[in-house]
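Please look at the sequence and the structure shown below.

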Amino acid sequence: MRNVSDITHVCICGSAYALLQYLLLEEEDVIRNHTYYIVGSGIKSEIASRLPQYTQFETTPCQTLWHKIKRVFVKLNLRYVRNKRFPFMQAAKIYAQDYLYPIIAIGQRPYNMLQESPLHMTVNYGKNSQDLKRVQTHLQSLSGRLEQRLYGKVLLSLPASTVQCQKIYLTEPNDSPLLAGKECEILSLASLWEHSSETKKDFVRGIFHVSREEVQVPQGSVFLTQPLVDDGILTTSEYKALLDKLFSHYKSTELCIKVHPRDTYDYSTNFPNFRLMNKPINLELLFLIGWKCDRVISICSTAVNAVPEGIEVEWYGAEVHPKLSAYFGDTMLPCRKYRKMEL
């Protein structure tokens, strides 16, 4: 690692979208030479390894009791040894996603909030959203109050709700009660990309390991996957049965499966006749580079909100499976034109 004095910025992120947003927000010299990156499992290890200097934490939802116990000790260790482990945190300018437990490392420091995905605050933390209700219920529970004592208020609060969150960077206007009274700056990824130097664009493409040439082949229909198994929402057999029904509406020769950066489901084995795009690169960067397709198909991915208006979106919705409906609720809808599909 470079000298502590060289670190002037810290980026704490758990999604490829937030990482891309930070890389485009800050100056090229800062992202190359003066930023320490703290990333979660949502950033694939092959992407993280190309960052100049970083630490990666396992942040996928715990599936077993042993993993839950281990995660408790990781969080406590992070809270009580953070100054020794990340001494530069005391003076650095911090950008972070505050739902991610590595936020514990900032202690009482102020931070600027990064965006999880397109229209994330509208979709996930709108007035009647399921995520908002779920977090509010947890914070009022005995376990929520205990966790706040153990890990600190910044993690165990609603997003952007503490005084430590000084500014929220959005890529488009969002509508959420959590944004009331907060300073927000709206800078689209497209405008940030347009005003970036060619050397900075090359650096960003290098981090995500994608070239202009390999995205020049036009796609027909593209299905956007989601980490529904990784997040413990569906079992592998439930997900396979759901996709069998959905894919029966399309010809395998005409459909490309675009794998979500956090999705580890084995599509090549389960759907060998479909084309795969399994590089862990977010859809938004693909469109910035010039990727083309005719139609985007989704169960309930918020990434469809980043699809240009000239491309058709087919939306099935969380109601296609009772577990998805229970988890996402009935407010998870695209904030753009779409065609509602039935299984």
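## Nonpolar cores

The largest nonpolar core has 77 residues, and Leu19 and Phe208 touch the most other members. A nonpolar core here is a set of buried Ala, Val, Leu, Ile, Met, Phe, Trp, Tyr and Cys residues joined through side-chain atoms within 4.5 Å. Buried means under 20% relative accessible area, exposed means over 50%, and partly exposed lies in between (1.4 Å probe, protein chains only). Helix α1 (residues 16–25) gives this core its largest share, nine residues. Apart from it lies another core, of 35 residues, including Leu78, Met113, Tyr125 and Leu132. In soluble globular proteins, nonpolar side chains tend to be buried together.

Contact means heavy atoms within 4.5 Å. Neighbours within four places in sequence aside, the contacts of Phe208 include Ala16, Leu19, Leu20 and Leu23, and also Pro280, Ile281 and Leu285.

## Basis of the values

This is a predicted model: local features need pLDDT of at least 70, side-chain atom pairs count only at pLDDT 80 or more, and totals for chains, interfaces and linings use all residues. Residues are numbered from 1 along each chain as its sequence is written, and side-chain values use heavy atoms, with hydrogens and water left out.

Helices (H or I, at least four residues) and strands (E, at least two) are DSSP runs, numbered from the N terminus.

## The seven-stranded sheet

An open sheet of seven strands runs in the order β3-β2-β1-β4-β5-β6-β7, with parallel pairing. Two strands pair if DSSP finds at least two bridges between them. At the edges are β3 (54–56) and β7 (184–186), each of which pairs on one side only.

Which strands does β1 pair with in parallel? Five bridges join β1 to β2 (residues 35–39), and four join β1 to β4 (residues 93–96). His9 stands opposite Thr35 in β2 and opposite Lys93 in β4. Five of the five residues of β1 are buried, so this strand is largely enclosed by the rest of the structure. His9, Cys11 and Cys13 lie on one side of β1, with Val10 and Ile12 on the other. In a regular strand the side chains alternate between the two faces of the sheet.

## Gly14

Gly14 sits in the loop between β1 (9–13) and α1. This glycine is buried, with a relative accessible area of 4%. Leaving aside neighbours within four places in sequence, Gly14 is in contact with Gly40, Gly42, Ile43, Gln97, Tyr99, Leu100 and Arg262.

A second open sheet, of six strands, has the order β10-β9-β8-β11-β12-β13, with parallel pairing. Its edge strands are β10 (275–277) and β13 (339–340). Between β8 and β11 there are five bridges, and the two strands run parallel. Ser221 has Arg295 in β11 as its bridge partner.

Buried in α10 are Tyr239, Leu242, Leu243, Leu246 and Phe247. Seen down the axis of α10, these buried residues fall within an arc of 125° (taken from the directions from the axis to the C-beta atoms), so they line one face of the helix. On the other side of α10, Ser237 and Lys245 are exposed. The cover over the buried residues of α10 includes β8 (219–224), β9 (255–258) and β11 (293–298).
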